[in-house]
Amino acid sequence: MPDWKPEIRGRLIGLRLAPTREAAIVEELSQYLDDCHEELLAGGATPADAYQQTLAELTGSEALARELRHVERPVAPEPLTHGTNRRINMVADLWQDLRFGARMLVKQPGFTLIAVITLALGIGANAAIFSLLDAVLLKTLPVKRPEQLVFLENEAPEFKRSSNISYAEFERLRMQGQELSGACFFSYTTRVNANVSGQSEAVEGQMVSGGFFSVLGVPAMIGRTFTEDDDKESAEQAVAVISYRYWQRRFGSNPAVIGESVNLNGVPFTIIGVTPPEFLGVILGNAPDVFLPSVAGERILPRRFRFRDSSLPFILARLKPNLPAPQAAAALTLTLQQSRLAEASGSSEKQQAIQKQTVNLPSAAQGFSELRRQYSQPLRLLLAAVALVLLIACANVANLLLARATARRKEIAMRLALGASRFRLIRQLLVESLLLALIGGATGLLLASWCSGLLVAVVTSSRNPVTSGSQLSLNVPLDARVFGFTALVSLLAAVVFGLAPAWRATRLELSPVLKDNASGLGGGGRVRWGQMLVVMQVALSLMLLVGAGLFIRSLINLKSADLGFQRENVLLFSVDPQLIGYRREQIGSLYRRMLERIGTVPGVQSVTLARQGLLSGGGTQGSIKIPGHTPPADENSFSEKRGEKEWNAPWFAQVGPRYFETLGMTLLRGRDFTAQDHETSMKVAVINEAFAHYYFGDEDPLGQRFDRGNDGGEVEIIGVVKDAKANFIQERTPRTFYVPFLQDPGAWRETTFQIRTVGEPMNLANTIRSVVQEIEPNLALFRVRTLAAQIDESIGQERLVTTLASLFGLLALLLTCAGLYGVLSYSVNQRTSEIGIRMALGAQTGVVLRLVIKQGMGLTLLGIVIGIGASFALTRLLTNLLFGVNATDPLTYDSVTVLLLVIALLACWFPARRATKVDPLIALRNE
Amino acid sequence: MTHVNSQKLDRELKKGSAELLILSLLEARPRHGYEIRKLIEARSDGVLKFNAASLYPLLYRLEKRGWIEGKWVEKAGQRRRRFYKLTKDGRKALAAQRSIWESFVAAINRVARPENA
């Protein structure tokens with residue numbers, strides 16, 4: 001008898017079986033081969049033949065090895081596992097589920113592709129909006145322990161952008177306060193003329209006190225940051241720290257920049273350091289290019305930056321660790337009061353007022369931001385909208401999964417029959433959903449990274465609320481937070497769209513499914529689920545479309561609103577002669593020469609100037625007194641409006657000659673300003689209708705006088721103009737007066753020239769630029785733009801919201817359409833035999849068409865009714881974002897309903913057409 | 001009946017039905033590997049053939065799955081042999097597979113039978 005064992009062993013090499021196991025297999029197989037060999041010999045074969053034939057039993061042993069490799073694994077990887085409820089092997093099971101899930105997805109690329117695209121759109125939209133929301137609303141400054149940072153300010157409603165704390169008080173609070181581990185102050189950013197090796201450009205500068213970087217805990221990336229000594233009168237040289245971006249842009253990231261000199265407004269500064277790339281300053285959206293010590297800054301910047309004379313704009317302090325802000329605020333309040341009481345003269349009234357003053361310490365962890373207030377509500381709203389879009393997308397995927405579950409019921413029934421627990425199967429199906437969601441999420445992130453760039457472009461192109469005019473810069477990276485958010489959303493989505501189908505798919509009547517191919521998972525049940533999802537989708541898209549419709553109407557209203565002036569054909573540009581060293585008395589004559597010269601340029605109809613352009617987002621208020629007039633009771637009072645303190649005082653504008661003519665405002669009475677209204681002529685003012693009505697009622701205002709106090713003394717009213725929008729299109733024009741710029745001591749800052757042209761305004765831009773250069777070669781023109789463009793900028797937020805809301809509305813509509821189409825197609829398939837019988841019995845095409853369309857439109861109508869109800873309840877939240885349109889605007893509701901009905905009809909049409917193509921014979925044979 | 005022995009059909013059939021065959025053969029009583037091989041060959045009139053390399057992987061797989069159970073049995077004067085018997089789970093699986101097989105065969109027949117027969 002030959003020994004088979006070496007032959008067998010040779011074929012098991014490489015499997016690395018456990019020795020006892022291998023011995024058992026070898027014994028069993030050699031026993032088998034012995035039997036075989038014996039039988040062959042008994043049958044009369046020669047020993048050689050018998051040996052050969054017996055060995056042939058081992059042919060194909062690579063299959064043996066392969067099978068053994070599978071079988072001898074601790075976990076059987078076959079899909080048709082028996083399944084147990086044991087808790088051990090959780091991880092191994094999960095791995096198996098994942099591999100199996102991946103295989104199932106690859107097996108049906110069409111399904112996978114559609115599901116992934118749907119999810120990617122939904123998740124991507126969420127990720128994009130979140131990344132923006134995170135950057136604007138949630139993210140803390142990239143500094144050391146941001147939660148310890150506070151703004152230090154005295155309660156001071158009338159000075160919105162000031163701490164209302166003087167430099168002396170700041171020093172006292174900083175030195176005496178046991179509560180603070182450090183304090184510094186800084187200004188808002190301002191334009192500075194920077195000259196590096198002969199080349200001039202306007203950059204954003206920010207004045208900071210010496211402790212700025214050490215309080216924040218921001219180290220220099222190269223070089224060093226400021227010390228307190230850099231910010232003293234005694235400092236040996238003027239130094240500056242530059243931002244990473246400016247370093248990259250202007251110095252080509254050359255590390256040798258340290259020690260280089262840069263001329264700021266004509267004064268040389270030595271660059272001592274570069275800030276790290278992630279640090280974009282502490283005012284969100286206003287990233288400075290150059291940081292200047294406050295003492296040096298005061299020397300080169302206009303008068304309004306001499307903070308040491310008045311109050312400091314922003315004070316930033318770091319609390320001692322673990323000290324609660326209220327406790328620190330109480331102690332600092334005491335210090336501030338003592339300091340002020342010591343200074344105050346004896347009057348007890350004043351002393352009592354001081355004792356009411358407090359120090360507030362709002363958190364500075366996120367830095368200072370006007371953007372946050374402006375975009376808080378719109379961004380939350382958009383996030384809600386994209387969440388709804390995602391929900392609709394999930395419903396579509398759930399529908400696909402339901403359909404697939406029907407196709408897979410055999411597999412599922414088999415597994416249940418073989419003893420797999422339902423929990424185990426649901427888990428398997430959920431893992432598949434999770435895989436889908438993760439692939440969708442990853443694709444969505446790609447989409448988001450592309451979209452958020454666009455979003456940031458729109459947000460930052462809207463007007464800059466802090467320093468009107470500067471370009472906003474915002475850092476919106478797709479970082480770990482966005483990544484985490486996306487993962488979380490994907491996970492949630494997987495549960496939302498996967499759980500119900502998995503639950504349903506595993507609730508089976510086993511025997512019918514196993515016995516017979518026809519049914520078992522109630523086809524009707526699957527349709528009912530699908531129908532519910534479609535109704536929900538229709539309702540949700542109606543809500544989104546209604547929201548979008550309201551925003552569109554609102555935007556149209558904003559664009560067509562009566563502004564009170566002519567927006568077309570006006571060219572604007574701004575200058576600030578103080579930046580190149582002009583003194584106040586020189587500025588008047590410079591402006592006069594510019595007005596005269598520009599007026600002679602061909603194509604210029606008229607030219608004027610104003611402190612601020614119309615609808616540029618800024619305005620000025622000042623209190624007045626009218627001799628012999630008792631002002632209305634609420635004059636000069638403060639009121640709280642949308643979280644902002646509002647001062648009830650008239651607005652005013654310092655403007656040039658022919659202002660009303662140039663801007664096309666309607667002069668109701670009196671005259672326009674002329675070149676003869678100058679420093680030494682009679683002080684005059686033009687008022688608007690609102691002003692006239694508020695102070696004079698029916699009295700004739702012409703010739704009346706009012707007193708502007710320190711701002712300009714007594715002026716005589718020489719004209720009345722029709723109300724015109726000045727700050728926001730949305731506002732009711734407040735009472736406003738206009739004074740000649742030469743007669744207002746506060747007018748000597750950045751000024752905007754306004755030129756009415758005959759043709760396209762931008763065509764004149766270069767001519768105007770060269771004309772100005774002739775007069776003053778060093779004067780830089782900035783923000784050269786048309787009035788129309790500036791107005792468009794002023795409604796940037798509204799445009800952003802409208803564009804996105806419409807986009808999301810359409811996306812929702814598209815997804816809903818796909819959902820409706822899918823459910824109807826499925827239902828037509830299910831009802832093929834019914835339709836066949838009907839047609840066999842003589843039903844006409846029209847009847848069949850109606851049958852299917854009726855089903856689809858019934859669902860749509862139900863969804864619309866629910867959606868309208870929900871919209872009525874929810875759109876009220878939009879009220880304060882709308883302009884000139886009611887949240888329950890019937891036109892919007894009607895058009896959205898019609899749009900939805902038409903699109904739904906389209907989605908029903910194709911399945912219905914297919915139903916009419918059913919061949920009764922084939923349909924009946926299916927029975 | 002024609003003698004079908006093309007390798008391809010063989011492989012396909014074995015893949016789909018070998019488990020069912022083994023389970024069926026073990027329904028009546030426990031058997032050892034060589035016996036199973038001979039029985040399949042005999043009862044199929046030689047249409048279905050297994051060798052050691054194709055049979056044992058199946059047996060081990062079924063055993064691993066808990067549907068059959070192998071046991072070494074020693075009889076006086078003989079070498080010990082490994083006998084396989086059907087487990088409770090195996091019985092369930094057999095019933096399920098049989099019903100699938102039957103509906104499959106019935107379906108094939110419905111499709112394949114000559115029209116107008």
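Arg80(B) forms a salt bridge with Glu27(A), with the closest N and O atoms 2.7 Å apart; a salt bridge here is a side-chain nitrogen of Lys or Arg within 4 Å of a carboxyl oxygen of Asp or Glu. This is a predicted model, in which local features need pLDDT of at least 70 and side-chain atom pairs count only at pLDDT 80 or more, whereas totals for chains, interfaces and linings use all residues. Residues are numbered from 1 along each chain as its sequence is written, chains are lettered from A in the order in which they are written, and side-chain values use heavy atoms, without hydrogens and water.

| Feature of chain A and chain B | Value |
|---|---|
| Residues in contact | 32 residues from chain A, 30 residues from chain B |
| Buried area | about 2900 Å² |
| Salt bridges | five salt bridges |

Carbon and sulfur atoms give 54% of that buried area.

The largest nonpolar core has 55 residues, and those with the most contacts inside it are Leu436(A), Phe497(A) and Phe808(A). Such a core is a set of buried Ala, Val, Leu, Ile, Met, Phe, Trp, Tyr and Cys residues joined through side-chain atoms within 4.5 Å, buried meaning under 20% relative accessible area (1.4 Å probe, protein chains only). Leaving aside neighbours within four places in sequence, Phe808(A) is in contact with residues including Ala125(A), Leu382(A) and Leu544(A). Apart from this core lies another, of 48 residues, among them Leu64(A) and Phe50(B).

Technical notes. Buried < 20%, exposed > 50% of the residue type's maximum accessible area, 1.4 Å probe, protein only. Contact = heavy atoms within 4.5 Å. Buried area = accessible area lost by both parts, 1.4 Å probe.
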